[in-house]
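Subject: Handover of a structure and notes on it

Dear colleague,

Please find the structure below, together with notes on what was found in it.

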Amino acid sequence: MSIVTLTTDFQRTDYYIGAVKGAIYTQCPDANIVDITHEVPQYNIARAAYLVKNAYTHFPKGSIHIVSVMSEATIEFAHLVVKFDGHYFVGSDTGLFSLIFGDEAPEEIIELNVSMDSNRLSFPTKDVFTKVAAHIVKGGTISVLGRKINSVTRLIGYQPFIDQDVLRGMVVHIDSFGNAITNISDIIFNNFVKNDPFTVYYRTTSSGIKKISYLYSEVPEGEPLAIFNSANLLEIALHKGSAAALLGIQINSHIRVVVNDR
Amino acid sequence: MSIVTLTTDFQRTDYYIGAVKGAIYTQCPDANIVDITHEVPQYNIARAAYLVKNAYTHFPKGSIHIVSVMSEATIEFAHLVVKFDGHYFVGSDTGLFSLIFGDEAPEEIIELNVSMDSNRLSFPTKDVFTKVAAHIVKGGTISVLGRKINSVTRLIGYQPFIDQDVLRGMVVHIDSFGNAITNISDIIFNNFVKNDPFTVYYRTTSSGIKKISYLYSEVPEGEPLAIFNSANLLEIALHKGSAAALLGIQINSHIRVVVNDR
Amino acid sequence: MSIVTLTTDFQRTDYYIGAVKGAIYTQCPDANIVDITHEVPQYNIARAAYLVKNAYTHFPKGSIHIVSVMSEATIEFAHLVVKFDGHYFVGSDTGLFSLIFGDEAPEEIIELNVSMDSNRLSFPTKDVFTKVAAHIVKGGTISVLGRKINSVTRLIGYQPFIDQDVLRGMVVHIDSFGNAITNISDIIFNNFVKNDPFTVYYRTTSSGIKKISYLYSEVPEGEPLAIFNSANLLEIALHKGSAAALLGIQINSHIRVVVNDR
């Protein structure tokens, strides 16, 4: 049973999710459809990419990931199927793919040329993407679905950088617990800090956090902590509280890491 | 694997969805349960019918669609299983079925006479509808589930009509993108307009929309457009915006189509 | 196909649900994952227990129920897998289990000793609980997953009690329809009331409800009623209305049952 995941901005109050699932099952009854989320904020490519990037790795190789945000095919934004890291990604080439893949090159990129049964062009997730998924589930190769191209549209995400001995990053996401997830990966952090004492500052005047926790419960309730999350990104959190609400951290808030003696 | 879809007003915060799914899997482990939505506004039959009507067609023939809105069996509202268009629909005869089927006659209508294991009558979706679904999944005929009747309770939906050379319809649904979906189908529209120039008015004083788009992106961002949606209904939308919020269109708003030279 | 249910406080806007499902399917592609809810209020063990307790009984014996609320392993709260009533429950020993099982003793309790692939300890639902579920789905015995212990942490729920010929209980849950569910079971109620005339008071000054309904529609629209719900708990409801909103009933509101002539 091949897995087809769905990441969309459809919300759950409409029939759109049902229509897409029905279309997939009609074409391949054996597919195993899994919702990542249908609550991507509308038109928010960066958020969709963040969610897919952190979810897909947990699925078996060969899984197919449909991403439906701004999925209408236009002259600027072609429909693509991309093979990357042994997985298949189907969506619109809005820059979404580059935010999922980062600097790594995909194994194969196909610009779709899939005929639609309908002259309604406004619902390509149902009319095009499900056909692509069904084709792959049935064992088809993606090269027959269109023409091969060499790269996806690049959208540059904010990257952390080192400026005068300060590692500067930012908050890219607040999760539903109020945890503030930064763009500072464990690799970047460790390369910078090495084994030296450090402080993570999350506000200009904060006293800072001087250690990395492995559990939220390492600190007293309501106290701030720094932890690497399951996506290996530095996260500012409160034990049993919302860092966002109580520390005033927001998306785009600056995060500084300073090595104490440098 | 037979598909059983669920359209309910249960919301997602309770155990009711879990109980219904558990009851289905206990009776037939091979069923493939698919959520259409659990966010039908409570007691809103028209909305449930709209969602089921537009979702079911995408599923394979033979699928079973449980609709749980006002599903308590009463003297007025019997429990039915209805075969229509090769699909099975299970629910309460509140008028819901007539709004799904429109003027077309179902293939078979059975008023259910299913014994319940419990003397709790308040959760028929779990105690009755899942039994009906399991019976069909296992290959049973519906005629043994009760007595055959000839028609469902009719609830007259608002229909568009022609009045003094104006095609008059209304907005029946605002989707989560703020798109305003009308009750004017492409067939009614084309029969009225033929090949003549036309204007779609969505407010008394609006300048109107003079073409049908095939893509939202055909017009500049923030501009209004008219498009037939995947359910073949005329929709007033904004490219990357909410027609409801920005044009002041609401459910029940009047929509007029005028052929310019008539 | 073994069933694995999920009851979490993850909400649906993040990638966490997707990551957990991916991890399960990667380890056992044949699992049948069913969402109970992902909308448990954060850190609310009592609510998670209420939902799991009332949902699990509808699933086939042998099903595995993952409960992820305050699931971080700490010195106080060990990770457990518990066999009870033929089902498996996986979660943190926060008192949650005792609220699910009540006074009945589980068949087997294992304190988990499962190695994690990651040094990130903050996402045990993905890194530990899915391994336990996969082990059971593949037919493994739970005794190999850790050491056997004799009891779970007990958390005493509010129990109804009899005080001077009044059966006193309270509202423990308001469902999404605004129905007020009490902690008074049908057994406790019937043992107290026997066959005598009674009145259920839901506010100090209310005139009270003098019968048990079997259907919401037994009373006129907007009128209050008392009914035993599908979990066999006394519920105060309004026919087509919200008892919570219109009668001013809240969680923890006192409910009194009086036998008229005693």
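The notes begin with a helix end in chain C. Asn44(C) caps the N-terminal end of helix H2 of chain C, with a side-chain oxygen 3.4 Å from the backbone nitrogen of Ala46(C). For reference, a polar contact is a pair of N or O atoms within 3.5 Å; within protein, one must be able to donate a hydrogen and the other to accept it, and residues adjacent in sequence count only if both atoms are side-chain atoms.

This is a predicted model, in which local features need pLDDT of at least 70 and side-chain atom pairs count only at pLDDT 80 or more, while totals for chains, interfaces and linings use all residues. Residues are numbered from 1 along each chain as its sequence is written, chains are lettered from A and ligands numbered from 1 in the order in which they are written, and side-chain values use heavy atoms, with hydrogens and water left out.

Helix H2 of chain C

Helices (H or I, at least four residues) and strands (E, at least two) are DSSP runs, numbered from the N terminus. H2(C) covers residues 45-56, and at 1.5 Å a residue its 12 residues should span 16 Å, which agrees with the 16 Å between its end C-alpha atoms. The expected span is 1.5 Å times one less than the number of residues.

Is this helix buried or exposed? Of its 12 residues, 10 are buried, so H2(C) is largely enclosed by the rest of the structure. Buried means under 20% relative accessible area, exposed over 50%, and partly exposed in between (1.4 Å probe, protein chains only). Among the buried residues are Ile45(C), Arg47(C), Tyr50(C) and Asn54(C).

Chain A as a whole

Chain A contains six helices and 15 strands, and its C-alpha trace spans about 65 × 40 × 30 Å along its principal axes. Of its 262 residues, 58% count as buried. Contact means heavy atoms within 4.5 Å. Among contacts in chain A between residues at least 6 apart in sequence, 63% join residues at least 24 apart.

The chain is divided into domain 1 (3-148) and domain 2 (161-259), with bounds that come from an automatic or database domain assignment. Taken over C-alpha atoms, the centres of these two domains of chain A are separated by 33 Å.

Leu233(A) lies in strand S14 (residues 233-238) and is buried, with a relative accessible area of 15%. Leaving aside neighbours within four places in sequence, the contacts of Leu233(A) include Tyr50(A), Ile181(A), Ile184(A) and Phe228(A). By comparison, the C-alpha atoms of Leu233(A) and His87(A), 146 residues apart along the chain, are separated by 22 Å.

How the chains are related

Two copies of a chain are related by a rotation about an axis and a shift along it. Here, copies are superposed by least squares on the C-alpha atoms of residues with pLDDT of at least 70 in both. The copies use different surfaces, as 4% of the contact residues of chain A recur in chain B.

Chain A can also be laid on chain C by a turn of 120 degrees and a shift of 0.0 Å along the axis, with an RMSD of 0.1 Å. For this pair, 3% of the contact residues of chain A recur in chain C.

Aromatic rings

Rings of Phe, Tyr and Trp (its six-membered ring) pair if their centres lie within 6.5 Å; planes under 30 degrees apart count as stacked, over 60 as edge-to-face and the rest as tilted. How many aromatic pairs does the structure hold over all chains? The structure holds 36. In one of them, the rings of Phe189(A) and Phe198(A) have their centres 5.1 Å apart and their planes at 90 degrees, so the pair is edge-to-face. Both Phe189(A) and Phe198(A) are buried. One aromatic cluster is formed by Phe10(A), Tyr15(A), Tyr16(A), Phe123(A) and Tyr50(B).

Two loop residues in chain C

Asp85(C) has a phi near 55 degrees, a positive value in a residue other than glycine. Asp85(C) is placed in the loop between strands S4 (79-84) and S5 (87-92) of chain C. Lys240(C), likewise not a glycine, has a positive phi of about 55 degrees, and lies in the loop between strand S14 (233-238) and helix H6 (243-247) of chain C. Asp85(C) is partly exposed, with a relative accessible area of 31%, and Lys240(C) counts as partly exposed at 34%.

Yours sincerely
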